[in-house]
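Please read the points below alongside the sequence and the model.

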There are 2 protein chains.
Amino acid sequence: MSTPASPPTAAILVIGNEILSGRTQDANSGWLAARLAEIGIPVREIRVIPDNEAVIVEAVNALRAQARYVFTTGGIGPTHDDITSASIAAAFGVRLLRHPEAERRLRAHYQAVGSAINAARLRMAEIPEGATLIDNPVSVAPGFRLDNVHVLAGVPSIMRAMWDSLRPGLIGGPPVRSLSVTAFVREGDMAAGLGALQNAHPGVDIGSYPFMTDGRIGASIVVRGTDETLVALVGDKVADLLRALGADPEITPGA
Amino acid sequence: MSTPASPPTAAILVIGNEILSGRTQDANSGWLAARLAEIGIPVREIRVIPDNEAVIVEAVNALRAQARYVFTTGGIGPTHDDITSASIAAAFGVRLLRHPEAERRLRAHYQAVGSAINAARLRMAEIPEGATLIDNPVSVAPGFRLDNVHVLAGVPSIMRAMWDSLRPGLIGGPPVRSLSVTAFVREGDMAAGLGALQNAHPGVDIGSYPFMTDGRIGASIVVRGTDETLVALVGDKVADLLRALGADPEITPGA
């Protein structure tokens with residue numbers, strides 16, 4: 001099989017003490033990772049860090065050097081603990097400036113809903129110099145893109161709306177195809193055969209994920225790769241392997 | 001208020017392509033973070049990385065230098081994609097050795113359940129030199145601790161059982177107390193008052209987490225700190241602030 005050029009990659013930076021304390025389950029990174037995989041941009045790292053400027057600066061600078069695209073979530077609201085925008089500016093060594101279009105949108109929005117515009121709300125118009133806005137059709141306060149870093153809200157409904165706004169600007173690689181082969185076979189009984197299949201087919205990644213259902217032990221074998229024909233071929237071979245072990249495997253597209 | 005000594009901290013390293021692809025929602029890191037917070041070991045970073053030895057080595061070495069305790073999940077099963085134990089050995093520059101007690105447990109287990117012991121299953125007895133075992137009452141194959149790094153399974157029921165095994169050996173700092181004050185107030189209306197409260201009370205962390213319920217916008221203000229009296233005092237002040245804005249706040253212990 002031909003080896004495709006390295007695909008563009010992504011990293012996700014989740015900013016928020018509430019995730020690190022276990023108070024809030026992070027639902028954003030898994031959702032973003034699945035959307036990015038669909039358009040051929042595999043995620044290579046997810047990092048969760050606190051609302052701390054020095055830590056944010058270090059993580060942003062590490063990840064933007066490693067991945068083609070970086071996405072941050074959280075910390076762009078109006079309260080004192082929302083320090084993401086200032087920290088991104090610090091990471092890039094640029095100023096944080098009142099963005100005229102962001103200010104216009106915020107003033108129009110709060111006038112329309114009958115809330116007072118104030119200093120806290122105008123903080124949400126402070127955007128690093130050189131950044132472009134990412135539209136927020138839910139609550140107006142924009143995200144932004146600076147170089148390869150996309151700064152999104154932490155509230156899931158807003159983050160997802162911002163994704164819809166920015167997605168057309170992303171350039172993905174070949175989409176990753178996947179299927180899963182599930183059976184009540186213990187991993188230890190299939191491991192040798194599975195390893196041989198992986199060795200014989202370096203053009204796909206074969207992952208094995210054990211589970212327990214009603215006390216019965218099984219595993220889902222996930223085959224992933226950009227060559228749909230090869231993924232299907234290896235999936236069939238995995239199913240043959242499991243049948244030879246006496247199981248009745250089920251093949252499901254899309255992992 | 002007196003400033004306590006820095007508490008012991010933790011980092012969590014989630015190892016697994018299935019999390020990065022969005023196929024599997026990581027439930028382990030949030031669960032571990034909450035348990036660690038309960039015993040006074042705040043989590044400072046969660047990192048999700050692929051099943052790739054070079055990446056695991058780099059992340060383990062970065063995190064074990066930064067945090068008092070490191071916990072990894074995933075990649076210690078019998079299949080070809082389970083490379084965590086070998087990668088941890090590489091990170092520490094030690095050999096991976098067949099551990100006699102781990103081998104004894106695995107042989108006894110597979111004999112008892114009537115499955116054949118084989119090379120794949122014996123791989124789960126290969127433990128970095130110098131590590132001590134972490135018991136696995138669910139499926140026997142142990143985790144291990146090497147210096148400050150605790151290597152746990154990825155299957156949630158097994159990871160949690162391993163936590164019960166290792167927890168008595170952890171030395172926490174003062175437990176973090178928290179409460180949340182929830183009201184239908186927009187963040188932008190309370191931001192100035194909240195910021196002033198945070199400035200006046202550096203002994204607690206005040207976080208604001210907006211939400212939308214049936215189209216109504218509100219926020220939960222979480223007050224966290226090791227001084228229970230101070231946390232309660234600041235919680236009351238937050239509630240007073242929200243009442244002054246016309247709301248009827250609800251105070252809930254435990255954030």
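In this predicted model, B:Ala183 has B:Ala219 in E11(B) as its bridge partner. The pairing belongs to strand E9 (residues 177–183) and strand E11 (residues 216–225) of chain B, which run antiparallel and are joined by 7 bridges; strands (E, at least two residues) and helices (H or I, at least four) are DSSP runs numbered from the N terminus, and two strands pair if DSSP finds at least two bridges between them.

**Sheet in chain B**
- The open sheet has 4 strands in the order E10-E11-E9-E12 (chain B), with antiparallel pairing.
- Strand E10 (205–213) and strand E12 (250–253) of chain B are the edge strands, each pairing on one side only.
- On average, neighbouring strands of this sheet are turned by 20° against each other, direction ignored, with axes fitted to C-alpha atoms (for helices over the stretch in contact) and angles running from 0 to 180 degrees between N-to-C directions.

**Helices on the sheet**
- Helix H8 (residues 187–200) of chain B packs on the sheet and touches E10 and E11 of chain B, contact meaning heavy atoms within 4.5 Å; the direction of H8 makes about 165° with that of E10(B).
- Helix H9 (residues 228–244) of chain B lies across E9, E10, E11 and E12 of chain B, and runs at about 10° to E9(B).

**Domains of chain A**
- Chain A is divided into domain 1 (10–169) and domain 2 (177–253), with bounds from an automatic or database domain assignment.
- The C-alpha centres of domain 1 and domain 2 of chain A lie 38 Å apart.

**Basis of the values**
- Residues are numbered from 1 along each chain as its sequence is written, and chains are lettered from A and ligands numbered from 1 in the order in which they are written.
- Local features need pLDDT of at least 70, side-chain atom pairs count only at pLDDT 80 or more, and totals for chains, interfaces and linings use all residues, while side-chain values use heavy atoms, with hydrogens and water left out.
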